[in-house]
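Here is a briefing on one protein model. It starts with a helix, then moves to the overall fold, the strands, the charged pairs and the rings.

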Amino acid sequence: MANIEFKNITEYKKYLRTQHLTYLGEGSEAKCYVSNVDNLVYKNSLEETYIRNSYSADEVITKKQVNLPSFAFPIDLHTYQNTVWGYTSEFIFPDQFSEKSTVSRTKFLKINFNRLRKALELLKKDTEKISKENILIDDLPFNLIFTGTRLIAIDTLSYLRMTENTLKDNLNSIDYAF
């Protein structure tokens with residue numbers, strides 16, 4: 001787990017090519033790929049449309065700082081002059097909530113709701129732990145994956161450390177997501 005500092009965009013793109021990436025999709029902040037080399041997700045925000053959403057490496061919470069099963073914090077940050085251009089995180093599969101995996105009502109009804117309930121309990125416990133560190137959850141309704149046994153929050157790059165307790169707001173985010 002480290003910050004990988006790049007000298008320029010050419011060096012960064014060359015590095016990404018060595019990872020043999022397969023496109024997964026994109027959101028408002030980055031394009032998302034999975035590496036055929038290390039099976040990690042690579043988020044690349046170095047596109048013209050994403051530059052406005054820049055983060056300093058110093059403000060990003062990483063897996064090295066907070067390692068909980070319900071949150072996929074960035075593992076490695078890809079930076080240029082301390083600005084985050086991208087990052088790696090755990091590849092979480094399958095997602096039983098996604099439109100692709102719950103194509104039909106029948107498939108949705110096959111979700112084991114006892115497992116979902118247990119996964120929700122673990123998510124709430126982990127949320128209490130990050131709330132004690134005053135970390136504010138962001139954008140959870142759009143970034144929650146259910147693997148069949150675990151609920152995992154992804155796209156955690158914009159989570160922030162706050163000065164006040166965040167437990168109430170974070171639990172509200174979980175409720176809203178459901």
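At 40% relative accessibility, E121 counts as partly exposed, where buried means under 20% relative accessible area, exposed over 50%, and partly exposed in between (1.4 Å probe, protein chains only). The side chains of E121 and R117 meet in a salt bridge, 2.8 Å from N to O. A salt bridge here is a side-chain nitrogen of Lys or Arg within 4 Å of a carboxyl oxygen of Asp or Glu.

This is a predicted model: local features need pLDDT of at least 70, side-chain atom pairs count only at pLDDT 80 or more, and totals for chains, interfaces and linings use all residues. Residues are numbered from 1 along each chain as its sequence is written, and side-chain values use heavy atoms, with hydrogens and water left out.

**Overall fold**

- The protein has four helices and ten strands. These are DSSP runs numbered from the N terminus: helices are H or I with at least four residues, strands are E with at least two.
- Along the sequence, the pattern reads β-α-β-β-β-β-β-α-α-β-β-β-β-α.
- Of the 178 residues, 42% count as buried.
- The exposed surface comes to about 10400 Å², and carbon and sulfur atoms supply 51% of it. Accessible areas come from the Shrake-Rupley method with a 1.4 Å probe; for residues, only the protein chains shown count as cover.
- Among contacts between residues at least 6 apart in sequence, 63% join residues at least 24 apart. Contact means heavy atoms within 4.5 Å.

- Strand β1 (residues 3–5) runs parallel to strand β5 (residues 77–80), joined by three bridges. Strands pair if DSSP finds at least two bridges between them.
- In this pairing, E5 stands opposite T79 of β5.
- Strand β6 (residues 83–90) pairs with β5 in the antiparallel sense, over four bridges. Here T79 stands opposite V84 of β6.
- β5 and β6 form a hairpin with two residues between them. In the turn, Q81 has a positive phi of about 50°.
- T88 lies in β6. T88 counts as buried, at 0% relative accessibility.
- Leaving aside neighbours within four places in sequence, T88 is in contact with L40, V41, Y42, P74, I75, D76 and H78.

**Salt bridges**

- Side chains of opposite charge can pair when their charged atoms come close. The count here comes to four salt bridges.
- K43 forms one with D155, the closest N and O atoms being 2.5 Å apart. K43 lies in strand β4 (residues 40–44) and D155 in the loop between β9 (151–153) and β10 (160–161), so the pair ties together parts that are 112 residues apart in sequence.
- K43 is buried at a relative accessible area of 10%, whereas D155 is partly exposed at 25%.
- R150 forms another with E90, with the closest N and O atoms 3.3 Å apart. R150 lies in the loop between β8 (144–146) and β9, and E90 in β6, so this pair ties together parts that are 60 residues apart in sequence.
- R150 is partly exposed at 27%, and E90 counts as partly exposed at 27%.
- E121 and R117 both lie in helix α3 (residues 113–132), four residues apart, about one turn of the helix.

**Helix α1**

- At the start of helix α1 (residues 9–18), a side-chain oxygen of N8 reaches to within 3.2 Å of the backbone nitrogen of T10.
- Just after α1, H20 takes a positive phi of about 50°.

**Aromatic rings**

- The count comes to ten aromatic pairs. Rings of Phe, Tyr and Trp (its six-membered ring) pair if their centres lie within 6.5 Å; planes under 30 degrees apart count as stacked, over 60 as edge-to-face and the rest as tilted.
- The rings of Y12 and W85 have centres 5.5 Å apart and planes at 55°, so the pair is tilted. Y12 in helix α1 and W85 in strand β6 are 73 residues apart, and the pair links distant parts of the chain.
- Both Y12 and W85 are buried.
- The rings of F91 and F93 have centres 6.1 Å apart and planes at 20°, so this pair is stacked. F91 is partly exposed at 27%, while F93 counts as exposed at 65%.
- Ring pairs link F6, Y12, Y15, Y42, Y80 and W85 into a cluster.

How values were computed: Polar contact = N/O pair within 3.5 Å; in protein donor to acceptor, adjacent residues only side chain to side chain.
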